[in-house]
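The tour moves from one selection to the next.

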Amino acid sequence: MWIPYGHQSINEDDIQAVVEVLKSDFLTTGPKIEEFERKVADYAGARYATAVANGTAALHAACFAAGIKEGDEVITTPITFAASANCAFYCHARPVFADIDPETYNIDPADIERKITEKTKAIIPVHYTGQPCDLDRIHKIAEKYHLTVIEDAAHALGASYHGKKIGSVSDMTTFSFHPVKHITTGEGGMVLTNDEQLCKRLKLFRTHGITREEADLEHGKNRRDSGNYMGPWYYEQTELGYNYRITDIQCALGISQMNRLEEFVEKRKKLAERYHEAFSECEDIVTPKQLAGTDSSWHLYVIQILNHDRREIFEKMREAGIGVNVHYIPVYTFPYYQAHGYQDVCCEHAEELYRHIISLPLYPDLKEEEQDYVIKTLKEIITDSRGKN
Ligand SMILES: *Cc1c(COP(=O)(O)O)cnc(C)c1O
């Protein structure tokens, strides 16, 4: 038996949706892409959406659209997947790390403000585990210093902040559709925005910086009258973009998964509540606290283990067939970062949190019996290791 920490949920409707595309004329860049974009944008309450190859590409595209370039700084959290910070490097800018709030584990707005310099151009808050960051305070800071806010909402599809769905309020919000996330397209990502110009730049970036729109052509303007240089075939590359396209096959799966999102989030919430209850009396386990006004979509259930050897607990859980994990190793401690000027960075709360955390299995198809086994096993392991510390 093996209970993973996360797992996709694929049903017959999902499979049929993919099969239909395989039998159609378009495998990629067909009608399913816009349909998927519309569906996610409408759900989250955003005007525009750009679906891309994965969540990392979504972050890269958002940084490009925000005009992040060499010499700029971008502030993010160290308790995240490396992509949230790497996207600044992709644009020849530098990520700067603000510490977390030890209560919510999300980026601390007060430390964001301390880390702002003349070079700061953007903030990338990450809604860690699905709990929304303190967006009101982050937006106030962004306004004061004229910064772009790019929410990394890879964990937070379906979450809300003061009654508004994540994806509707910042300059841009990015999502990932990797199989462990709320919905999956295999690989996939998306950027939501309410700004038409940003959306245009995102779409340009997705296909090599190539445009066919007459209004955006540069040389075309001058050559319009010069004989037969232009025609219905004509396009121009006006920026350096990438091939970050997503396929119709993937988007068909995404559309079908979106029909199940509410059910997925409800199941995750219910399982999270069962964990809360099970551990509420355990003094060696810290369960996740929720910031007032936020409604988490529970991508991860992360506990802190106190008074015990986290590694021993982790290994014994794995031995018992439970795929616990650790999210995340503070990004700036990685060798790449250490070799690129981050040797003196220290986010105290992030490093302290990292020493104690374990992610427990959480996904819509996790059965209550399986969850009960996880709970029982963890309690037993903790009881057994008592006295050794
Ligand atoms: C998953 C994830 C990403 C990257 O998404 P991919 O689709 O794997 O590229 C970025 N940020 C966070 C916080 C993530 O969890």
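## Stop 1: a loop residue

Select T29, which is partly exposed at a relative accessible area of 48%. This is a predicted model. T29 sits in the loop between helix 1 and helix 2. Check its backbone: phi is near 50°, a positive value in a residue other than glycine.

## Stop 2: helix 1 against helix 9

Next, select residues 12-22 for helix 1 and residues 248-258 for helix 9. How do the two run relative to each other, parallel or antiparallel? Their axes cross at roughly 150° and come within 8 Å. Angles over 145 degrees count as roughly antiparallel, and helix 1 and helix 9 are therefore roughly antiparallel to each other. The crossing of helix 1 past helix 9 is right-handed.

Now show the side chains at the contact. From helix 1, take D13, D14, A17, V18, V21 and L22. They meet D248, I249, A252, L253, S256 and Q257 in helix 9. Colour this contact by class and you get seven nonpolar, two polar and three charged residues.

## Stop 3

Helix 2 passes helix 9 in a left-handed crossing.

On the helix 2 side, display P31, K32, I33, E35, F36, K39, V40 and Y43. On the helix 9 side, display D248, C251, A252, G254, I255 and M258. The contact of helix 2 with helix 9 holds nine nonpolar, one polar and four charged residues.

Leave D248 and A252 highlighted for a moment. Both belong to the helix 9 side of the contact with helix 1. Both also belong to the helix 9 side of the contact with helix 2.

## Stop 3: helix 3 and helix 4

Clear the view. Select helix 3, residues 55-65, and helix 4, residues 83-90. What is the angle between them? They pack at about 45°, with their axes 9 Å apart. That makes helix 3 oblique to helix 4. Their crossing is right-handed.

Show T56, L59, H60 and C63 on helix 3, then A83, S84, C87 and Y90 on helix 4. These residues make the contact. By class, the contact of helix 3 with helix 4 has five nonpolar and three polar residues, and no charged ones.

## Stop 4: K119

Jump to K119, in the loop between helix 5 (109-115) and strand 4 (120-124). K119 is partly exposed, with a relative accessible area of 46%. Which residues does K119 contact, leaving aside neighbours within four places in sequence? Look for G71, D72 and E73.

## Stop 5: helix 10

Select residues 261-279, helix 10. Its 19 residues reach 27 Å from first C-alpha to last, close to the 27 Å expected at 1.5 Å a residue. Which of its residues are buried? Pick out L261, F264, V265, R268, K269, L271, A272, Y275, A278 and F279. Keep R268 on screen for the next stop.

## Stop 7

Move to the loop between strand 13 (294-295) and strand 14 (301-305), where H299 lies. Is H299 buried or exposed? It counts as buried, at 4% relative accessibility. Not counting residues up to four places away in sequence, H299 touches T129, G130, H155, V180, K181, H182, R268 and L362. R268 is one of the buried residues of helix 10.

Step back to W298, in the loop between strand 13 and strand 14. W298 is buried too, with a relative accessible area of 7%. Its phi is positive, about 50°, although W298 is not a glycine.

## Last stop: a cis peptide

Finish at H327 and Y328. A cis peptide bond joins H327 to Y328, with omega about 10°. To place Y328, find the loop between helix 11 (310-319) and helix 12 (335-338).

Definitions and conventions. Residues are numbered from 1 along each chain as its sequence is written. This is a predicted model: local features need pLDDT of at least 70, side-chain atom pairs count only at pLDDT 80 or more; totals for chains, interfaces and linings use all residues. Side-chain values use heavy atoms; hydrogens and water are left out. Axes are lines fitted to C-alpha atoms, for helices over the stretch in contact, and angles run from 0 to 180 degrees between N-to-C directions. Helices (H or I, at least four residues) and strands (E, at least two) are DSSP runs, numbered from the N terminus. Angles under 35 degrees count as roughly parallel, over 145 as roughly antiparallel, 65 to 115 as roughly perpendicular and the rest as oblique. A crossing is left-handed if the near helix is turned anticlockwise from the far one by less than a right angle, and right-handed if clockwise. Contact means heavy atoms within 4.5 Å. Ala, Val, Leu, Ile, Met, Phe, Trp, Tyr, Cys and Pro count as nonpolar, Asp, Glu, Lys and Arg as charged, and the others, Gly among them, as polar. Buried means under 20% relative accessible area, exposed over 50%, partly exposed in between (1.4 Å probe, protein chains only). The expected span of a helix is 1.5 Å times one less than its number of residues.
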